[in-house]
Amino acid sequence: MLNQFQAGSSEGIKMQKIIKVLFIDDHAGLRDSLSYLLEHKNNALKFYPAGDLKRSRMLLKSNPDISIAIIDLNLNGEDGLTYIEELRKIPNQNLQVEVSV
């Protein structure tokens, strides 16, 4: 995971882990606004939004340190449930998967 410097009042500078989150949802307004809100409320989160499974596969390949995936099960004709099974088969990918409907 990425590290980020954070200034502390009496502790000086400390390292904070960045948690990378893959957010797969075909509703762009929901996906983008929720990603923006959560990322700006907690600077330890970095969201990677995807509107379909093809884009999510590309993001996972280029960001193997993504640790959380939020998946909409009803993805414009694509099966999010089957994709969860696919995610579990990726070697060296330790993902916590959350489901959205």
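Let me begin with helix 3, where Gly80, Tyr83, Ile84 and Leu87 are buried, and where buried stands for under 20% relative accessible area, exposed for over 50%, and partly exposed for what lies in between, with a 1.4 Å probe and protein chains only. These four cover an arc of only 110° around the axis, which puts them on the same side of helix 3; the arc is taken from the directions that run from the helix axis to the C-beta atoms. The face turned away from that buried side carries the exposed residues Leu81 and Arg88.

Before I go on, a word on what we are looking at. This is a predicted model, in which local features need pLDDT of at least 70 and side-chain atom pairs count only at pLDDT 80 or more, while totals for chains, interfaces and linings use all residues. Residues are numbered from 1 along each chain as its sequence is written, and side-chain values use heavy atoms, with hydrogens and water left out. When I speak of helices (H or I, at least four residues) and strands (E, at least two), I mean DSSP runs, numbered from the N terminus.

As for confidence, pLDDT is the predictor's confidence in each residue, on a scale from 0 to 100. The chain has a mean pLDDT of 81, and 81% of its residues reach 70 or more. Confidence is lowest in strand 1 (residues 3-8), with a mean of 49, and highest in strand 4 (residues 45-50), at 95.

Back to helix 3, then, and to what its buried residues pack against: strand 3, helix 2, strand 5, strand 6 (74-75), strand 7 (78-79) and strand 8 (96-100).

Helix 2 is one of those partners, and its own buried residues are Leu53, Ser56, Leu59 and Leu60. Seen down the axis of helix 2, they fall within an arc of 120°, so they line one face of the helix. Lys54 and Lys61 are exposed, on the face turned away from the buried side, whereas the buried residues pack against strand 3, strand 4, strand 6, strand 7 and helix 3. At the start of helix 2, a side-chain oxygen of Asp52 reaches to within 3.3 Å of the backbone nitrogen of Lys54.

Which residues does Ser56 touch, if we do not count those up to four places away in sequence? They are Leu22, Ile24, Ala50 and Tyr83, where a contact means heavy atoms within 4.5 Å. Ser56 itself, in helix 2, is buried with a relative accessible area of 0%.

Several of these names return in the largest nonpolar core, which has 15 residues, and of these Leu22, Ile24, Leu60, Ile71, Tyr83 and Leu87 touch the most other members. By nonpolar core I mean a set of buried Ala, Val, Leu, Ile, Met, Phe, Trp, Tyr and Cys residues joined through side-chain atoms within 4.5 Å. Strand 3, strand 4, helix 2, strand 5 and helix 3 are the elements that give two or more residues to this core. Ile24, leaving aside its neighbours within four places in sequence, has contacts that include Leu53, Ser56, Ile71 and Tyr83.

At Ile68, in strand 5, the picture is of a partly exposed residue, with a relative accessible area of 24%. Its contacts beyond four places in sequence include Ile19, Lys20, Val21 and Leu22, and also Leu95, Gln96 and Glu98.

Finally, the charged pairs. Side chains of opposite charge can pair when their charged atoms come close. A salt bridge here is a side-chain nitrogen of Lys or Arg within 4 Å of a carboxyl oxygen of Asp or Glu, and by this rule the count comes to three.

In one of them, Lys20 pairs with Asp65, the closest N and O atoms being 3.0 Å apart. This pair links distant parts of the chain, since Lys20 is in strand 3 (residues 19-24) and Asp65 is in the loop between helix 2 (53-62) and strand 5 (68-72), 45 residues apart. Lys20 is buried, at 5% relative accessible area, whereas Asp65 is partly exposed, at 26%.

Another joins Arg57 and Glu86, with the closest N and O atoms 2.7 Å apart. Arg57 lies in helix 2 and Glu86 in helix 3 (residues 80-88), so the pair ties together parts that are 29 residues apart in sequence. Arg57 is partly exposed, at 36% relative accessible area, and Glu86 is partly exposed at 33%.

There is also the salt bridge of Arg31 with Asp32, where the closest N and O atoms are 3.4 Å apart; Arg31 is buried, at 10%, and Asp32 is partly exposed, at 38%.

Definitions and conventions:
Polar contact = N/O pair within 3.5 Å; in protein donor to acceptor, adjacent residues only side chain to side chain.
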